[in-house]
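Please keep the sequence and the structure in view while reading.

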Amino acid sequence: MKGSKKAAAALMLSVWLGALAACEQDEQPEVTPASTPAATAPAEEPSAETAVPAESDAPETAYEVLAEKLRVPWVIEFDGDVVYLSEREGNVVKVDGAEMTRQKVNLRKNVHGRGEGGFLGFLLAPDFEQSRTAYAYHTYEENGETLNRIVRLKENGDQWDETGVLLEDIPGAANHDGGRMAFGPDKMLYVTTGDAQRRELAQDLDSLAGKILRMTPDGKVPEDNPFPGSYVYSYGHRNPQGIAWTGDGTMYNTEHGPSGTPGGHDEINVIKPGSNYGWPDIYGGAKKDGMETPIFHTGEKAIAPSGMTIDEQGRLLIATLLGSALYRYDPATGDMSVAFEGEGRLRDVKIKDGKVYVITNNTDGRGIPGENDDRLLVLNKVE
């Protein structure tokens with residue numbers, strides 16, 4: 001398996017390929033330029049993120065392990081040198097030097113952890129050092145319906161308590177729940193939502209599914225949102241998993257393309273307020289009046305992009321699940337390359353003090369975990 005995996009990576013690099021996607025395919029990704037046309041979307045397959053063996057053929061000097069035996073970690077957050085991680089089953093893990101503490105989260109509605117749902121987004125408030133406040137996005141079940149909600153939490157000792165609700169009743173499902181959260185340069189809170197396996201909702205401006213939402217830190221609709229009285233910032237999304245901004249304020253997202261045949265067509269988009277990103281009417285390089293075509297997509301192969309960050313050179317670093325690698329995309333050149341691989345599925349990536357941190361996601365039910373998975377790694381070597 002290791003030999004075939006290295007051969008696949010070599011083939012991918014030799015033809016300037018990379019990928020980012022969410023279809024259930026077991027082949028190495030092949031990236032197609034964004035101008036490649038694609039037909040309207042095929043019938044939906046049930047899921048996006050496929051099992052990939054967890055292998056450890058990277059040299060020992062490639063990274064250091066900061067925490068291990070994590071339970072499906074989802075987000076990396078920093079408070080100085082202290083790292084906080086959310087776990088999909090409903091915990092927060094605090095990593096302070098060599099000490100790892102699994103903190104209980106007390107929520108007013110229970111975490112519903114079926115499929116890709118659970119305790120997902122987690123974001124420390126900008127004033128966390130003083131307020132000990134954070135934000136969370138989690139799946140819950142109510143009256144037989146799967147939904148998602150955004151809440152405010154406060155750290156009290158070694159536990160977190162829910163102190164307020166910003167938004168509830170976001171459509172959810174076993175798959176396509178979105179869940180990424182970030183503060184923008186404008187100090188507003190941005191949140192990604194999936195189409196909840198009801199693709200038509202992505203085009204429905206009255207639904208919160210298949211959107212990027214924008215709100216004030218206390219959960220109100222900003223007056224300058226593109227649709228008056230609405231949280232919707234952009235729409236036509238399938239399952240956006242990464243958002244980040246370059247130094248000049250340009251907002252990017254990564255997004256899972258369609259499952260099934262054809263699959264792949266995972267996207268990188270420049271996000272503009274009020275814009276329609278096409279799902280389910282178009283995907284990949286297809287064009288339609290009033291809809292945005294991605295600046296990059298992966299063709300018919302898929303690697304399931306998740307969290308992303310942007311380095312000092314304005315390049316996107318993207319953690320991938322099916323792809324089992326950290327990819328680097330340069331908007332200036334359109335080049336995609338593998339920056340790190342060999343440790344299985346990767347869920348999130350962050351940069352702090354020039355160092356790159358990633359979390360593996362081999363225990364999520366679609367990977368093949370090693371004895372000490374999942375792990376928080378700081379990379380000593382990024383290609």
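A cavity here is a set of grid points where a 1.4 Å probe fits but cannot get out, and a volume is the space filled by probe spheres set on such points. The model is predicted, and two cavities of 30 Å³ or more are counted in it.

**Largest cavity**

- The largest cavity holds about 60 Å³ of space, and its lining divides into five nonpolar, four polar and three charged residues.
- Among the residues that line the largest cavity are Arg238, Glu255 and Glu267, together with His256, His265, Tyr277, Trp279, Ile282 and Tyr283.
- Gly236, Gly257 and Pro258 also belong to the lining of the largest cavity.

**Second largest cavity**

- The second largest cavity has a volume of about 50 Å³, and ten residues line it, with Trp74, Glu116, Gly178, Gln241 and Arg347 lying nearest its centre.
- By class, the lining of the second largest cavity comprises two nonpolar, four polar and four charged residues.

**Nonpolar cores**

- The largest nonpolar core has 35 residues, of which Phe122, Ile150, Leu153, Trp160 and Leu189 touch the most other members.
- Strand E6, spanning residues 119-124, contributes the largest share of this core, namely five residues.
- A second, separate core is made up of 14 residues, including Ile268, Phe296, Tyr327 and Val338.

**Surroundings of Leu153**

- When neighbours within four places in sequence are left aside, Leu153 is in contact with Val105, Leu107, Phe119, Phe122, Ala134, Ala136 and Trp160, among others.
- The contacts of Leu153 also include Arg132, Thr133, Asp161, Glu162 and Thr163.

Note on methods
Residues are numbered from 1 along each chain as its sequence is written. This is a predicted model: local features need pLDDT of at least 70, side-chain atom pairs count only at pLDDT 80 or more; totals for chains, interfaces and linings use all residues. Side-chain values use heavy atoms; hydrogens and water are left out. On a 1 Å grid over the protein atoms alone, a cavity is a set of points where a 1.4 Å probe fits but cannot get out, and a pocket is an open set with protein on both sides within 12 Å along at least five of seven lines; lining residues have an atom within 4 Å of a point. Ala, Val, Leu, Ile, Met, Phe, Trp, Tyr, Cys and Pro count as nonpolar, Asp, Glu, Lys and Arg as charged, and the others, Gly among them, as polar. A nonpolar core is a set of buried Ala, Val, Leu, Ile, Met, Phe, Trp, Tyr and Cys residues joined through side-chain atoms within 4.5 Å. Buried means under 20% relative accessible area, exposed over 50%, partly exposed in between (1.4 Å probe, protein chains only). Helices (H or I, at least four residues) and strands (E, at least two) are DSSP runs, numbered from the N terminus. Contact means heavy atoms within 4.5 Å.
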